[in-house]
Amino acid sequence: MTELSQAAVRGLVIAAQGLQQSPKPGKATPKSVQDIIRQMHVLQIDTISVVARSPYLVLWSRLGDYDPRWLEKLLEQGSLFEYWSHAACFLPIEDFEYYRLAMLARGGEEGNWQRWLNEHRHVADTVLNHVRDNGAVRSSEFERTDGQKGSWWNWKAEKIALEYLLDAGELMIKKRHNFQRIYDLRERVLPNWDDANMATEERRHDYFVLNTVKALGVTKAEWIADYFRLKQADVRVSLKRLEKNDQLRQLKVEGWDVLAYYHVDNETLVQSAAKGKIPQSKTTLLSPFDPIVWDRKRALALYNFDYRIECYTPAPKRIYGYFTLPILYKNQVIGRLDPKAHRKEGLFEVKALHLEPGVMVDDELVAALKTTLQECAAWHQTPEVAVRWANVPELVEALT
């Protein structure tokens, strides 16, 4: 049986996620955006915008300089759709058949949202009829009538109805404008869809497990469920079936007390890594919602990187900063920085930079960090970089 070092596993994860160095990096195109989303299978959505919003930043980490408008264009063209997966995500449209059953299940399940719909059926019907009669709408087109100020935690009734109708698959996101969702009837967004084509529960589980293992390169069984938010029991059943069909294979990993899984399509990569030919990462910054770090336990086990996002932590209790970005360097997560893009001033500010204990600071690391910061700042159209504080003080002047 093949055996890998943990260093090899880290390299295979990097390659599976599209974060490896490219000997001849090409110029990014709209197809590059579509291809990398297909490779990851999910692109998590988040609205925090102290720097570029998370889905755009995840793409930049892999593609470098690209036009963020391409993502919204792919959604409007129908190459992507939005739905719940790992969380709210942009998803390849060819995967719709694997989510349709979940939509119908959510539409029929008993829960808080179904109780809300039962109690506010007139609101949902009014919203649905409005969309049917008038075409695609955004939440802002419905005036608030309760006198309260709208916020993320205090949606108006029509916004709640739009979201619940989206959950149930009666509405879909047709496009976005200034990141605001624009909703339309599912049958207008996907006019040729037939529910006879939706995947069964068994096929759905197998598909998601296969995609997870491929997206993670090499993984423990216990890490698989998180990627698509599956139940561990369903994962275990699928693993047995997929291994029996030789779609997944197992190997040993140095220091692990369980066997790991990899996708049969990655056999050549795995065997090369076992012989020491390990993919190497580029130096880049990661979103807090990047698949590399979104499973905090997996990030700790693979990279010895203890990470949490502190934007929901009261400011006096924060350790590292509001929205810290992990730093990827030579297949390791070596630290984090707390940035803010001051777009009007053209300034990319790093409020604080924390390297992990034991990271050796040499000329190569400094040069790589400086280039990465400059490229990230240029992509944000904030070309001036200012580092305010670092736990290695000489980095302040070296990187500013």
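Accessible areas here come from the Shrake-Rupley method with a 1.4 Å probe, and for residues only the protein chains shown count as cover.

I am working on a predicted model, where local features need pLDDT of at least 70, side-chain atom pairs count only at pLDDT 80 or more, and totals for chains, interfaces and linings use all residues. I number residues from 1 along each chain as its sequence is written, and side-chain values use heavy atoms, with hydrogens and water left out.

**Whole chain.** I looked up the surface first. The protein chain exposes about 19100 Å², and 49% of that belongs to carbon and sulfur atoms. Next came overall dimensions. The C-alpha atoms fill a box of roughly 65 × 60 × 40 Å along the principal axes.

I then checked burial (buried is under 20% relative accessible area, exposed over 50%, partly exposed in between; 1.4 Å probe, protein chains only). Of the 400 residues, 54% are buried. For contacts I used heavy atoms within 4.5 Å. Among contacts between residues at least 6 apart in sequence, 62% join residues at least 24 apart.

**Strand β12.** I counted helices (H or I, at least four residues) and strands (E, at least two) as DSSP runs, numbered from the N terminus. The chain has 16 helices and 13 strands. I picked β12, residues 347-355. Eight of its nine residues are buried.

I called two strands paired if DSSP finds at least two bridges between them. β11 (residues 332-342) runs antiparallel to β12, with eight bridges. In that pairing, A341 stands opposite F348. The hairpin has four residues between the strands, and G346 takes a positive phi near 70° there. β13 (residues 384-387) pairs with β12 in the parallel sense, over four bridges. V350 has V387 of β13 as its bridge partner.

**Residue Y98.** I moved to the loop between β4 (88-92) and α5 (100-108), where Y98 sits. Is Y98 buried or exposed? Y98 counts as buried because its relative accessibility is 9%. Leaving out residues up to four places away in sequence, I found that Y98 touches A199, R203, R204, Y207 and F208. I also checked Y98 against K297: they are 199 residues apart in sequence and 27 Å apart in space, C-alpha to C-alpha.
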